[in-house]
Amino acid sequence: MKEIRIEENGRLGPINAAEIPRYAGGGTYARLPRLDQVEQADIKIVGVPFDTGVSYRPGARFGANHVRESSRLIRPYNPATDTSPFAQSQVADAGDMAVNPFNINEAIEAIEHNALELTSDGSTLVTVGGDHTIALPLLRAASQRAGAPVAMLHFDAHLDTWDTYFGAEYTHGTPFRRAVEEGILDTEAICHVGTRGPLYGKKDLEDDKRFGFGIVTSSDVYYQGVREIVDKLRDRIGNRPLYISVDIDVLDPAHAPGTGTPEAGGITSRELLEILRGLRGLNIVGADIVEVAPAYDHAELTGVAASHVTYDLISLISDFRASKGMNAS
């Protein structure tokens, strides 16, 4: 079947839903063109089907394609930001990275290499996982491209700054401890958002503070409100290059049941989207959305939430790149 796509400002956009039904055809993110269908891309969406680092329920290796399928209703204009991200920037789906599911160290190396290769032309990467292990190599690549340690906002129910599991240093619960140890995070500008639930002990919080992390709990979002939280986050980040990592379990299980380590008492999808929209104008140099496990999802609740988080991240990145004249066309 011939693809009939929306074209605006010389950029190839999604398949035209007025000509081809949304449920028809191949499943790229938001039905955007594949990377091989465009001459260049300013923003690339890539999947990482990897969940060897999980500590509880597996299945996030199927997350990227689930998010793609759940994104079929995404439309070109974003009224929340008054932007048309696919017209401002050329956005394309780069498919999935092929990484070793049996060797975590080898997979981490491959992800870093692929991320550097994909961004060698100055484009920005939005990655859909996969488990949270993948954030470490993505941060390595983002820091290398930025030429300095990067600021980070980490949306998650959990800290992910533990040391080891069963002696393993690289898991989905350890990436940000490793990132601090490797010096790729700007420890003056890193913060968790949405954390909650039981810990192994008070030392978890003491270690986290020692690493430089600020913490905004899900209760803080509830009691202080989105606007106050956004002000605090923007003040902490400043104008530094910023990486955003979103574990979908930051949402309450009512909004995102399809994940590997759910925790009660999370923020709503509305709160998450509004916090992200409050970061408009910041220099986002990369982002990931991880831990979508479709086997535990129903009615695409988690997939739809993740696809809209991805859309708002793309909107923010596209708007910033366009405002700075960073796009290739």
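Reader: Which elements each supply at least two residues of the lining of the largest cavity?

Author: In this predicted model, they are strand 3 (43-48) and helix 1 (63-70). Ile45, Val46 and Gly47 fall within strand 3. Ala64 and Arg68 fall within helix 1. Strand 3 gives the most, with three residues.

Reader: What makes this space a cavity, and what is its volume?

Author: A 1.4 Å probe fits there but cannot get out, so the space is called a cavity. Its volume is about 30 Å³. The count comes to one cavity of 30 Å³ or more.

Reader: How much space lies in the largest pocket, and which residues are closest to its centre?

Author: The space is about 320 Å³. The lining has 21 residues, and Thr119, Ser123, Thr124, Arg145 and Val285 are the closest to the centre. Strand 5 (124-129), helix 4 (135-146), strand 10 (284-290) and helix 10 (301-323) each give two or more residues to this lining. Helix 4 gives the most, with five. By class, there are twelve nonpolar, seven polar and two charged residues.

Reader: What about the second largest pocket: what lies nearest its centre, and how do its residues divide?

Author: This pocket holds about 250 Å³ of space. It has 17 lining residues, with His158, Trp162, Tyr165, Tyr200 and Glu263 nearest the centre. The lining divides into six nonpolar, five polar and six charged residues.

Reader: Why is leucine 199 called partly exposed?

Author: Its relative accessible area is 34%. Buried means under 20% and exposed means over 50%. Leucine 199 lies in between, so it is partly exposed. Its place is the loop between strand 7 (185-195) and helix 6 (202-211).

Reader: Why is serine 89 called buried?

Author: Its relative accessible area is 0%. The limit is under 20%, so serine 89 is buried. It sits in the loop between helix 2 (85-88) and strand 4 (91-96). Its C-alpha atom is 9.7 Å from that of glycine 10, 79 residues apart along the chain.

Reader: Where is alanine 30, and why does it count as buried?

Author: Alanine 30 is in the loop between strand 2 (11-15) and strand 3. It has 2% relative accessibility, which is under 20%, so it counts as buried. Its phi is near 55°, a positive value in a residue other than glycine.

Reader: And arginine 31: buried or exposed?

Author: Buried, because its relative accessibility is 1%, under the 20% limit. Arginine 31 is also in the loop between strand 2 and strand 3. Its phi is positive, about 60°, although it is not a glycine.

Reader: What kind of peptide bond joins glycine 129 and glycine 130?

Author: A cis one, with omega at about 15°. Glycine 130 is in the loop between strand 5 and helix 4.

Technical notes:
Residues numbered from 1 in each chain as written. Predicted model: local features only at pLDDT ≥ 70, side-chain atom pairs only at ≥ 80, totals over all residues. Heavy atoms only, no water. 1 Å grid on protein atoms, 1.4 Å probe; cavity = no way out; pocket = protein on both sides within 12 Å on 5 of 7 lines; lining within 4 Å. Points joined across faces, edges and corners; volume = space filled by probe spheres on them. Helix = DSSP H or I, 4+ residues; strand = E, 2+ residues; numbered from the N terminus. Nonpolar A, V, L, I, M, F, W, Y, C, P; charged D, E, K, R; others polar. Buried < 20%, exposed > 50% of the residue type's maximum accessible area, 1.4 Å probe, protein only.
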